[in-house]
Amino acid sequence: MNFNSYEFLVFLPVVVLLYFILPKKIRWVWLLISSYFFYMCWNASYALLIATSTLITWLSGLLIERAGKKEDEKKSKRLKKLWVALSFTLNLAILFFFKYYGFAAESLNALFGVKFFTLNFDILLPVGISFYTFQALSYTMDVYRKELPAEKNFFFYALFVSFFPQLVAGPIERSSNLLPQLKTPSSPNGENIRKGLLLMGYGLIQKMVIADRIAIFVNTVYNSNVRMQSGSVLLLATLLFGIQVYCDFCGYSNIAIGAAQVLNIKLMKNFNRPYFAVSIRDFWRRWHISLSSWFKDYLYFPLGGSQKGTVRKYINTFIVFIVSGLWHGASFTYIVWGALHGLYQILGDILRPVRNFLKKLLHIEDGRFATRLLQMGTTYTLVNFAWIFFRANKLSDAFTIINRIFTNFNLAAFWAKRDMLSIMSGAEYKVMFIALAVLLIASLLSSRFNVRERIIKQPLWLRWTVYITIVLVILIFGVYGPDYVASDFIYFQF
Amino acid sequence: MKKYIKIIAFILVLALAVTGVCKILKFKHVDGIYPLNRFYDLPENSCDVMFFGTSHAFEGINPAVLWREHGIPGFVLAGSSQPLWSTYYYINEALKYQDPEVIVMDIDSTYYKDEYQVEDELGTAYSRIVKNTIGLKLSLDKWEAVKVSSPPEYRLELMLGFPTYHARYNELGVQDFTGAWERYPDHWKGYCEHTGHQYFAATDVSKATDRKPMSPKAEEWFYKILDLCEEKDVQLVLVSIPYCCTNVEQYVYNTVEDIAKERGVPLVNCNTDRSLVGIDYGADMGDDQHLNYKGATKMTHFIGQYLKENYELEDKRGTSDIYDSWVENEAFDAEAHNLIK
């Protein structure tokens, strides 16, 4: 079920209530049942797939640990590596089949001019497969690296893989963080419940009030014949998309983290005000943190990271970001998007002496506010340029869009209210921009202090006003109901 | 203990806030929802005659005239393009709160063929269905009404209500905050005046004697309405209010009349017998489907006479203060139309 659905509104309180009523020893069983139920609401047969990945990685953990106990060190190491390789191969094969086969088949067909590779049936993409597969694989690696002992209880491990708040779209958790917490349930904590619910409320506002509303505009522009759109409208749509994808995904993460917090479980932070980044490298420390750290720990470092020379470092970086692009979607646009981010970082590194020279020349000092502003502006521009590829329906569209932004800006078309108002009513634009302003203020505030902490410390009347306002904002300004077309989370196709 | 009290108190305050917001954002459509609001306000057992049907009814019958000429307290509880199944549930709802002597139903909707209301130039299918279902008070009957009026994907949201109207913030008017339209204040009895004026050369359908069947769903619910009135021991009168009727529509009305005769229900067709109401198609029509104020006055005058002659309806003027709103309504109508009393 979706987080922004009536079913979830009933599901969550029931799960939480029973969680705290049941004896501590069997609480994890209840969570496991709820999580599988949550997942099967999409499609009951998906459960088989996640169970398979669960089984493979759980077994790999046991086998790796057993191999580690062998006397012969060489043999032990070889065996351990074998189990890791098997676990990765099998799981990635499943992922490849469900997610990439269609894309691969199309590409091969195009390459050889045949129709040979197409299958006779449609392959449905199981929701969340990219997320839980990565989460399960991280367990294999963590056991191999002796970061935690193998989990003996299969069902307990299954809960780790399927834990419903973060099952479908992250954050991608590490076993060393999540497993111990699931093992030690505690009594309901008033502060956690309040903070968790607040975070969920904020996430729902990000998703339902901001992201879904922006989507109406962005979808209309990006799904149209982009050759007919003026550059100014395309630029606006691109910038708005940057906000949309942030609010959609960060919103979902917040709902996930908030829901887990209500259950006294701490999930990792997934976003940290990414558009305040001062470099692309900084951006990736703030955006989809759980995924970028996964790639860093399980792809970049095994490839050698920066330990094997500069050229190798660049190659590794490029590989990681191409794979990241591919992880986001089975399409050339995503690969180009990933490659761009890889190139940004490589070129950024190579051009550092040039930048330093320019800084000296123009008296741009590090550490000053103006400098940071310049760096943020540059990073923001680079990121949004890349978003064009992320959102465009096909590669040719992306190039057309870029072309029109630079050669056919046509600001007049942008002011022509008739064109804009054909997409959304004036009132909707107003709501959208007010919501964006609120988002900006919230982001700025959160850099100064812990907002939730402050709210729950306020006197009762103010606290209650905040809570009620949040609920009313979601109910009134949320994009749901028959006036709007339903929009799923963007990251659900991953 | 204190914690639980706080939680419950919070939930109550939240519920209060949401209810308040709902009240403001709710649909107040004059053609289907708002009549129910005013209907629910009527004092118990005050209404003697009730009128049901489509816009033909709510633009063709003026209860102020009924009160003015005969002292009969009447109410028009109709909806825009209201299909028979919605009319059934409107009648059903009305009989829960009132005990009218006579129910008059216009038969315009008997020729509708669709399974559910569909999109037309006035709105989406959804917005059409909303007008004829959402105004009902929450009850099991409302769920039945919603089920029969809409495809499955709309039903939950129609029952919840809020998902359908939460985005009305940019079309709020005074009536959303006061609960009453300026043109249709608290004493309103369901009549919407059509202020247009057009000339029509209406087809003479008195020669249209063929029969055409109703659609299966329309027929099923027509019989249900007949059964309901029998069951609740209410006298039913079927009527075809004057409009520019076509031959094809008249063929269906002929079938309806056959059924009515079988069941001993009177049917007064003002289109086949134009002498009954005496509509001047040049002066009395608002558009080809609806009468204007003059036409509605003539129609109500006729139906008032008909009801007085055939049913036991007392003149309620000056008898009790439960009829105060009818007095107010009549005065409001007279003043609005500069009538000399």
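**Patches and cysteines**

Tutor: In chain A, helix H14 (332-350) and helix H15 (352-361) each supply at least two residues of the nonpolar patch, helices being DSSP runs (H or I, at least four residues) numbered from the N terminus. This is a predicted model, in which local features need pLDDT of at least 70 and side-chain atom pairs count only at pLDDT 80 or more, while totals for chains, interfaces and linings use all residues. Residues are numbered from 1 along each chain as its sequence is written, chains are lettered from A in the order in which they are written, and side-chain values use heavy atoms, with hydrogens and water left out.

Student: Which helix gives the most to the nonpolar patch?

Tutor: The members of this patch include Leu343(A), Ile350(A) and Phe357(A). Phe357(A) is found in helix H15 of chain A and counts as exposed at 55% relative accessibility, where exposed means over 50%, buried under 20% and partly exposed in between (1.4 Å probe, protein chains only). With four residues, the helix that gives the most is H15(A).

Student: How many disulfides are there over all chains?

Tutor: A disulfide is counted here as a pair of cysteine sulfur atoms within 2.5 Å. The sulfur of Cys247(A) is too far for a bond, because the closest cysteine sulfur, in Cys250(A), lies 7.2 Å from it. Likewise, the sulfur of Cys270(B) is 11 Å from the closest cysteine sulfur, in Cys245(B), and is therefore too far for a bond. Over all chains, the number of disulfides comes to zero.

Note on methods: Patch = residues over 30% accessible without salt bridge, like charges linked within 9 Å, V, L, I, M, F, W, Y side chains within 5 Å. Areas by Shrake-Rupley, 256 points an atom, 1.4 Å probe, with all protein chains shown as cover. Salt bridge = Lys/Arg side-chain N within 4 Å of Asp/Glu carboxyl O.
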